[in-house]
Amino acid sequence: MPANATDIILHNYPQSPVAEKVRTILGIKGLTWHDVEIPRLPPKPLLTPLTGGYRRTPVMQIGADIFCDSQCIIRELDRRYPSATDSSSANAGLMWCLSRWTDGELFSLAVKIVLGSAGDNLPEDFAKDRGLLYFGGDWAERLKEANSELPHFVAQLRAPFSWINSNLSDGRTFLLGSDAGVIDAQLYYAIWFLRGRWDGGPAFLSEFTQLERWEKNVSDIGHGTSTVLVAEDALAIALSSESTTVSGVADNDPQGLTVGAKVSIGPDMDSGEQAVEGIVRSANADTISIEHANDEVGTVCVHFPRTGYRVEVLS
Ligand SMILES: N[C@@H](CCC(=O)N[C@@H](CS)C(=O)NCC(=O)O)C(=O)O
C-alpha cells in the first residue's frame, strides 16, 4: 500500500524492545501504520538522513516530521489519536513520571540482566555497540559486572514486580482498570524483553501469576494493522512533504532557547552517539523540535524529548 504524508511510518526492527512498546501503543489505539525495517547495528544509511544522525530505535515519521525517542512518539500519537487512558488523561502527569522509571531504572536492569546473562555468547560487534550505548565508556567492565552480579540485579527487579503483581491481584484487566493505556505498554515492553531474551526470564516471571495474566492481556491486543514500506519510499515521502509543526518557544526556557537558534542534541550520557545539529523551530518543557536539511529528505523537523537529552546552544 503506498504511504502518504499523514500516514504513520515506524522505522524499527522486530527484536527491538522499545519498538515493541510503540507497536503495543499502536495496537491499543487500533491504528494503521507502515513498517520500515531498519538494521540492528549502524550504519543506518536510510534512517539517519531523516533524523540528522540519531540512530536509536524506534523512530516515527509522519510526512516531514520525524519523532525520535518513544517519549516523542507517544506524545504525538496521543495528540493525533487521543483516548481516555493515554498520556493526555487525568493521570497523565503521574504516568509520565512513572515512565521515567520504566525507561530508566527498569529498562536498565532488564538490559543488565539480558546482556549480563549472555556472558561471552554475545557477538563481539553487538556487545561493543550495545555496551557503549547502555553502559557508557567503561562498558566492558560493566558488562562483566552485569554477569557476575546477576542475582543482585534480579533481586532489584523482583521487588517492583512483586508490588505490581499484588496490585493486579484484584483481577483488573489492565494497570488502570478495564481499558489498556499507554502505561501498560510502558511496563510491558521491559517484560517482553526479559521473557524473550533472557534464558531465565520465563522461570523468573512465573513467580508473578497476576503479572503474567496481565502480560497476556496486553500481548493479545497486538500491534494494530501494519503494512511493509521500503525505506526509500519513506525518504521520498519526507522529501515531498512539509513539516506541520508550529513554530515558537514557550516562555521561561531554562536554556534561553529561541526560534532560529542553532543547537545540537544528543542522549545525555557517555554513549558515543552522534549529536544532531539543527535550527530550533519549537521548544517547550517536554519537547524540542529542530529543522534539519539534506538532499535526500529536503527540510525535515526532528523532534526530541527534553528529559534524557542534552541540548547545546551553538549560536
Ligand atoms: N530512550 C529511547 C531508547 C531507545 C533505545 O535505546 N532503543 C534501542 C533498541 S530497543 C536501540 O536503539 N538500540 C540500538 C539500535 O537499535 O541501534 C526511546 O525511548 O526511544
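What volume does the largest pocket have? The volume of the largest pocket is about 860 Å³, where a volume is the space filled by probe spheres set on grid points joined across faces, edges and corners. A pocket is an open set of points on a 1 Å grid over the protein atoms alone, where a 1.4 Å probe fits, with protein on both sides within 12 Å along at least five of seven lines; lining residues have an atom within 4 Å of a point. This is a predicted model: local features need pLDDT of at least 70, side-chain atom pairs count only at pLDDT 80 or more, and totals for chains, interfaces and linings use all residues. Residues are numbered from 1 along each chain as its sequence is written, and side-chain values use heavy atoms, with hydrogens and water left out.

**Pocket lining**
- The largest pocket is lined by 39 residues, and Val18, Arg56, Asp103, Phe107 and Tyr134 lie nearest its centre.
- Helix 4 contributes the most to this lining, with eight residues; helices are DSSP runs (H or I, at least four residues) numbered from the N terminus.

**Ligand**
- The ligand sits in the largest pocket, meaning that more than half of its atoms lie within 2 Å of the pocket's grid points.
- Around the ligand are 15 residues, and Lys44, Arg55, Thr57, Asp69 and Ser70 come nearest; a residue counts as near if one of its heavy atoms lies within 4 Å.

**Polar contacts (N or O pairs within 3.5 Å)**
- A polar side-chain atom of Lys44 is 2.6 Å from a ligand oxygen atom.
- In the side chain of Asp69, an N or O atom lies 2.7 Å from a ligand nitrogen atom.

Terms used:
Polar contact = N/O pair within 3.5 Å; in protein donor to acceptor, adjacent residues only side chain to side chain. Helix = DSSP H or I, 4+ residues; strand = E, 2+ residues; numbered from the N terminus.
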